[in-house]
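Thanks for coming. I will go through one structure today, starting with a single residue and its contacts. Please have a look at it first.

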Amino acid sequence: GIYYTPHSVSSALCEWAVRSPTDRVLEPSFGGCVFLVEAATALRELGAKRPFGQLYGCDIDSHAFVHLRNAFPRRDISTRFVRKDFLSLAPASSFTTSVTAVVGNPPYVSNHNMTLGQRASARRSAAFGPLEVRSTASLWAHFVNHSLRFLSDRGRLAMVLPGMAFRTDYGQGLLPQLSRRFRRVDAIRLQERV
């Protein structure tokens, strides 16, 4: 389910999602850190003095933390970056604050390819998430749902989703729910693979 995002895409999404020098940004599956780097750049351009201190992240892959240390050398990652299954995190106990932007590229793992542990985490997070996500949904849908629990009331969500996101029955069910949660929802469909 790992697909890394080109800088042009992560940059565009972070420029849209990060709007204030005080924004706090979460990347729930940071992988190669392109969204974190672009979010830090956007914060710096808006006048943030220490943008790294406004970034939060989670990933289960130890290689992601190698990328994180390379992208942000000599920074303390212990308090805001967690090596765990994102779907198992509770907002209040994981980070000290809600975030104003969630950005990223969640894992694209279909329900039938999920491990038993992933299915169990998805079911538990769906029980507490604000959206109704079907048990047959792919992992990306559960990440979108769970991300909303970390987002402040006026926060923004910018994610790269698979092409089939709104062609599946569960994906089509998410769009109207997101439209009720946010003042504005834009779904941009690309004609080429990124």
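Let me begin with Met-164. Leaving aside neighbours within four places in sequence, Met-164 is in contact with Ser-138, Trp-140 and Tyr-170, where contact means heavy atoms within 4.5 Å. Met-164 sits in the loop between S5 and H7. Helices (H or I, at least four residues) and strands (E, at least two) are DSSP runs, numbered from the N terminus. With a relative accessible area of 28%, Met-164 is partly exposed. On that scale, buried means under 20% relative accessible area, exposed means over 50%, and partly exposed is in between, using a 1.4 Å probe and protein chains only.

A word on where this comes from. This is a predicted model, in which local features need pLDDT of at least 70 and side-chain atom pairs count only at pLDDT 80 or more, while totals for chains, interfaces and linings use all residues. Residues are numbered from 1 along each chain as its sequence is written, and side-chain values use heavy atoms, with hydrogens and water left out.

Next, the salt bridges. How many salt bridges does the structure hold? There are three, a salt bridge being a side-chain nitrogen of Lys or Arg within 4 Å of a carboxyl oxygen of Asp or Glu. One of them joins the side chains of Asp-23 and Arg-156, at 2.8 Å, N to O. Asp-23 is in the loop between H1 and S1 and Arg-156 is in strand S5, so this pair ties together parts that are 133 residues apart in sequence. Are these two residues, Asp-23 and Arg-156, buried or exposed? Both are buried.

Another salt bridge is made by the side chains of Arg-134 and Asp-169, at 2.5 Å, N to O. This pair also links distant parts of the chain, 35 residues apart, with Arg-134 in the loop between H5 and H6 and Asp-169 in helix H7. Arg-134 is partly exposed at 45% relative accessibility, and Asp-169 is partly exposed at 43%. The side chains of Arg-184 and Asp-186 also meet in a salt bridge, at 3.0 Å, N to O. Arg-184 counts as exposed, with 61% relative accessibility.

Now the helices. Helix H1 covers residues 7-17, and its buried residues are Val-9, Ser-10, Ser-11, Cys-14 and Ala-17. Those buried residues pack against H2, strand S4 (99-104) and strand S5 (151-159).

Further along, the axes of helix H5 (residues 116-128) and helix H6 (residues 139-147) come within 10 Å and cross at roughly 35 degrees. The contact involves Gln-118, Ala-122, Ser-125 and Ala-126 on the H5 side, and Leu-139, His-142, Asn-145 and His-146 on the H6 side. Axes here are lines fitted to C-alpha atoms, for helices over the stretch in contact, and angles run from 0 to 180 degrees between N-to-C directions.

Two backbone details remain. Most residues other than glycine have a negative phi. Cys-33, not a glycine, has a positive phi of about 75 degrees. Cys-33 lies in the loop between strand S1 (25-27) and helix H2 (34-45), and is buried, with a relative accessible area of 1%. Arg-74 has a positive phi of about 60 degrees and is not a glycine either. Arg-74 is found in the loop between helix H3 (62-71) and strand S3 (81-83). At 82% relative accessibility, Arg-74 is exposed.

That is the tour; I can take questions now.
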